Amino acid sequence: MALGTGTDSGTGTTTTSAAAAPSTRVSRRGLLAALGSGAVGAGLVGAGVLAAEVSGRSPSSSGSAGSGDPSTDGGSSAVVPFHGEHQAGIATDVQANLHFAAFDVTATSRDDLVALLQDWTAAAVALTAGKEVGEGGASSGKPLAPPSDTGEAVDLHANRLTLTVGAGPSLFDSRFGLSAARPAALVDLPAFPADALVPERSDGDLCVQACADDPQVAVHAIRTLTRIAAGRAAVRWAQLGYGRAATVDPNAPTPRNLFGFKDGTANPAASDTATLDDQVWVQRGDESGAAAWVVGGSYLVARRIRMHIETWDRTSLQEQEQVIGRTKGAGAPLGHAGEHDSFDPKTLPASSHVRLAHPTLNGGAQMLRRGYNFTDGTDGLGHLDAGLFFLAYQRDVRKAFIPIQTALARQDALSEYLEHTASGVWAVFPGVPEGGYLGQQLLST
Ligand SMILES: C=CC1=C(C)c2cc3[nH]c(cc4nc(cc5[nH]c(cc1n2)c(C)c5CCC(=O)O)C(CCC(=O)O)=C4C)c(C)c3C=C
Ligand SMILES: [Fe+2]
């Protein structure tokens, strides 16, 4: 099987296999060998050691070629480029697995915040290319020091890892002199009827969405960024997800959520750049003055929505379809046969989810949904603690998520089966140019 290149609409660049891209051919094991002679002092693990990448010891530019053997690498070596006009992980074809984390910044100076984001950038460049961070891991040659890379992703390749970073409303308080740079659209979400939010599992100064086709690659990425952040930021809450409950590729089969319905049918396609510009990416003129840094970024709303699976499973098929407004098998709008048939939402049941969420009833607003299923064991009462980790990117939450969720919370028949338990909103940084760092547009204001 020959590995090749494909277009990644999120970054406007190409998704490249290890075999096809010389700059990304370094396997984790190759990097380990190349960095074997690196100097790591005992006790220097964490921020100091990994920050060394930024000061010129970047492993990204060194190391030997990986196996590059298409027959053994399969699709796992596919790389989504980190740099671009927009951050990857938004209009990128949805990967199979998610590790999402929200962070509280504990640094107290703006310089330390800048240094953290620079260190995260260097690590993200390496990780998304399938490389180890810092001096490497098992073969760093320093038996008395903790390895700078924890090692669990060695041999797993990039697996289309993307790392997407945003700033929450709380980052714009008085700590870092950023109050004037808070975008007007970065509003605190209002309380919605029947919200059951857990404050400790909501919000956060920064968020990182790690998506990859291998769960361990996504988990390793968040673990690594957390280690790098030591003393400067700490994980506030996190969520694992699987089974992609959305797609941005209209030619790919639409994935299903845990209620068994196709989810993501009406999502904008990654190739539909006009709709993405209109509905997802912040445009010039949307914000003014110090807040104009957000142009090219987006707004992310995350909601952990528990789904009452057992109740749903006792509900008749007819009732389930009336609640959603689409058929369960084909995913077609009720009264139609095909999933992608056009339909008039006013012909659907008045309280159906699809009717209430449809753009024609919400001022034309759309979002790019990128949610994942989750199953976090049971609740102690024998019920699954499972649901949808809803992730939606949009140009303006005041025009999209807030009015849509207001309508859903008021009237949606699906609400009876749902419980929103965690929530957050972040201004997602614009893309990072070569040589730049995450959030540079904000922090250089
Ligand atoms: C506030 C926004 C939304 C929340 C919260 C939400 C939760 C949620 N949705 C499903 C299942 C489905 N949603 C579908 C469509 C759909 N949902 C929203 C918004 C929210 N959903 C929108 C904007 C749309 C598209 C409407 C349209 O334009 O037609 C569908 C149908 C298939 C599809 O188009 O994706 C399903 C199924 C669940 C289970 C859920 C909470 C757990
Ligand atoms: Fe929905």
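Predicted model: local features only at pLDDT ≥ 70, side-chain atom pairs only at ≥ 80, totals over all residues.
User: What makes up the secondary structure of the protein chain?

Analyst: The protein chain comes to 12 helices and 11 strands. Buried residues make up 50% of its 445 residues.

User: Why is Ser342 called exposed?

Analyst: Ser342 has 7 other C-beta atoms within 10 Å. A residue counts as exposed if that number is 12 or fewer, so Ser342 is exposed.

User: Where does Ser342 lie?

Analyst: Ser342 is in the loop between helix H9 (317–324) and helix H10 (353–357). Its C-alpha atom is separated by 38 Å from that of Thr128, and the two residues are 214 apart along the chain.

User: Why is strand E7 described as largely enclosed by the rest of the structure?

Analyst: E7 covers residues 298–307, and nine of its 10 residues are buried. To be buried, a residue needs 20 or more other C-beta atoms within 10 Å of its own.

User: Why are helices H5 and H6 called roughly antiparallel?

Analyst: H5 (residues 110–128) packs against H6 (residues 215–228) at an angle of about 155°, and their axes are 10 Å apart. Angles over 145 degrees count as roughly antiparallel, so the label applies to H5 and H6. The crossing of H5 with H6 is right-handed.

User: What makes up the contact of H5 with H6?

Analyst: On the H5 side are Asp119, Trp120, Ala123 and Leu127, which meet Ala221, Thr224, Leu225 and Ile228 of H6. By class, the contact has six nonpolar, one polar and one charged residues. Asp counts as charged, and Ala, Leu, Ile and Trp count as nonpolar.

User: How many of the contacts between residues at least 6 apart in sequence join residues at least 24 apart?

Analyst: In the protein chain, 77% of those contacts do. Residues count as in contact if their C-beta atoms lie within 7 Å.

Definitions and conventions: Residues numbered from 1 in each chain as written. Chains lettered and ligands numbered in written order. Helix = DSSP H or I, 4+ residues; strand = E, 2+ residues; numbered from the N terminus. Axes fitted to C-alpha atoms, helices over the stretch in contact; angles between N-to-C directions. Parallel < 35°, antiparallel > 145°, perpendicular 65-115°, else oblique. Left-handed = near helix turned anticlockwise from the far one by under 90°. Contact = placed C-beta atoms within 7 Å.
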